[in-house]
Amino acid sequence: MIKNIIFLLLVCIPIFVFGQTKSILVNGVNRKYIIYTPKDYSVDKSYPVVFNFHGGGMTPAEQMLYTGMNRTADRHGFIVVYPKGVNEDWNVGYGMSYKDGTDDIGFVDSLLSHIEKEHNIIKNKVFATGLSRGGFFCHRIASELPHRFSAIASIGANLPDSVAYHHKPENPISVLMVNGKADQIVKYDGKKGGYFSALDTYSFWKTNLFTIEKIKPLYTDRKTENGKSITILETKNTDRILTLITIEDGGHTWPGADDFNIGLPIGPTSKELDINEYMWNFFNQK
């Protein structure tokens with residue numbers, strides 16, 4: 001859904017250490033990915049892993065540069081994996097057959113197994129995040145690979161109808177969602193025949209993640225220094241957390257990222273929230 005950002009990224013971002021581009025063969029298809037190890041990486045240590053899924057029409061390199069997650073990985077010591085979707089897309093059943101389209105779940109499952117063989121991975125600290133189409137796909141991961149991932153964080157992406165329809169309510173994991181009310185690409189209020197609203201997505205996961213007697217609700221509505229509102233709706237227990245962050249004037253962007261949306265219809269980028277830091281704190285509570 002987000003296209004042609006890379007040129008602005010390449011001319012505006014200072015060069016820093018990049019990851020390695022690699023590939024694996026999955027069901028006869030050569031699938032590519034980028035992997036980044038933190039600056040203090042040692043073969044004698046074990047690391048958490050964050051899978052970072054690009055938006056529709058983007059590439060892993062664009063996602064890596066735009067989100068700036070390598071710097072966060074250096075600060076906190078985790079490995080980042082940037083998988084590549086076929087035709088820069090992910091199968092979430094929205095615009096593609098859920099059952100008969102690209103087997104992206106099989107790809108991610110195989111890729112994780114491959115990475116576990118090449119690196120020392122903390123198996124209960126494997127996480128997924130993604131923007132737009134990649135965020136939609138994170139919801140599918142929460143549904144179909146909860147035995148492999150501990151938590152997801154979707155940015156600018158609600159729950160696809162097809163994921164809800166095919167949902168497998170087993171081994172629920174923590175879910176973080178970040179949505180902007182000014183997002184004109186993935187609408188906060190949802191799209192009929194495509195995806196839920198942000199609040200209905202929250203309600204869906206709340207129903208599937210928690211039993212009534214264990215719910216601990218939290219609602220925060222705060223004004224930032226610029227007078228802009230960020231609402232945090234959260235439910236948690238000792239095992240998992242569900243959080244919806246609503247940015248009142250947020251667009252279809254990665255909060256805290258640099259502005260590379262000049263001339264692109266993706267709306268404003270929130271500077272009130274460094275989503276990489278917030279996300280890592282969310283993940284690290286597991």
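Contact here means heavy atoms within 4.5 Å. The points below use the word in that sense.

1. Basis. This is a predicted model, in which local features need pLDDT of at least 70 and side-chain atom pairs count only at pLDDT 80 or more, while totals for chains, interfaces and linings use all residues. Residues are numbered from 1 along each chain as its sequence is written, and side-chain values use heavy atoms, with hydrogens and water left out.

2. Overall content. The chain holds 8 helices and 10 strands; helices (H or I, at least four residues) and strands (E, at least two) are DSSP runs, numbered from the N terminus. Of the 286 residues in the chain, 55% are buried. Buried means under 20% relative accessible area, exposed means over 50%, and partly exposed lies in between (1.4 Å probe, protein chains only). Among contacts in the chain with a separation of 6 or more, 68% are between residues 24 or more positions apart. The accessible surface of the chain is about 12400 Å², and carbon and sulfur atoms hold 50% of that surface. Accessible areas come from the Shrake-Rupley method with a 1.4 Å probe; for residues, only the protein chains shown count as cover.

3. His 114. This residue is found in helix H4. His 114 is partly exposed, because its relative accessible area is 25%. Not counting residues up to four places away in sequence, His 114 touches Ile 24 and Tyr 33. Ile 24 and His 114 are 90 residues apart along the chain, and their C-alpha atoms are separated by 8.2 Å.

4. H4 against H5. Two packed helices are described by the angle between their axes and the distance between the axes. Helix H4 (residues 104–118) packs on helix H5 (residues 133–144) at an angle of about 70°, and the axes are 11 Å apart. H4 is therefore roughly perpendicular to H5. Angles of 65 to 115 degrees count as roughly perpendicular, under 35 as roughly parallel, over 145 as roughly antiparallel and the rest as oblique. The axes are lines fitted to C-alpha atoms, for helices over the stretch in contact, and angles run from 0 to 180 degrees between N-to-C directions.

5. Residues of that contact. From H4, Asp 104, Ile 105 and Val 108 meet Phe 137, Arg 140, Ile 141 and Glu 144 of H5. The residues of this contact of H4 with H5 comprise 4 nonpolar, no polar and 3 charged. Ala, Val, Leu, Ile, Met, Phe, Trp, Tyr, Cys and Pro count as nonpolar, Asp, Glu, Lys and Arg as charged, and the others, Gly among them, as polar.

6. Asn 91. The loop between strand S4 (79–83) and H4 contains Asn 91. Asn 91 counts as buried because its relative accessibility is 0%. Leaving aside neighbours within four places in sequence, the contacts of Asn 91 include Asp 104, Phe 137 and Arg 140. Asp 104 of H4 and both Phe 137 and Arg 140 of H5 also take part in the meeting of the two helices. Met 96, Ser 97, Tyr 98, Gly 101 and Thr 102 are in contact with Asn 91 too.

7. Arg 133. Helix H5 contains Arg 133. With a relative accessible area of 7%, Arg 133 is buried. Arg 133 and Asn 91 are 42 residues apart in sequence, and 8.7 Å apart in space from C-alpha to C-alpha. Leaving aside neighbours within four places in sequence, Arg 133 is in contact with His 54, Gly 55, Gly 56, Asp 89, Trp 90, Val 92, Tyr 94, Gly 95 and Met 96.

8. Asn 87 is found in the loop between S4 and H4, and has a positive phi of about 55° although it is not a glycine. Asn 87 counts as exposed, at 66% relative accessibility. Glu 88, found in the loop between S4 and H4, is a residue other than glycine with a positive phi near 55°. Glu 88 is partly exposed, with a relative accessible area of 22%.

9. H2 and H3. Helix H2 (60–67) is mostly covered, with 7 of its 8 residues buried. Just after H2, Gly 68 takes a positive phi of about 65°. In helix H3 (residues 69–76), the buried residues are Met 69, Asn 70, Thr 72 and Ala 73. These cover an arc of only 160° around the axis, so they lie on the same side of H3. The arc is that of the directions from the helix axis to the C-beta atoms. The elements that the buried residues of H3 pack against include H2, S4 and helix H8 (275–284). Just after H3, Gly 77 has a positive phi of about 75°.
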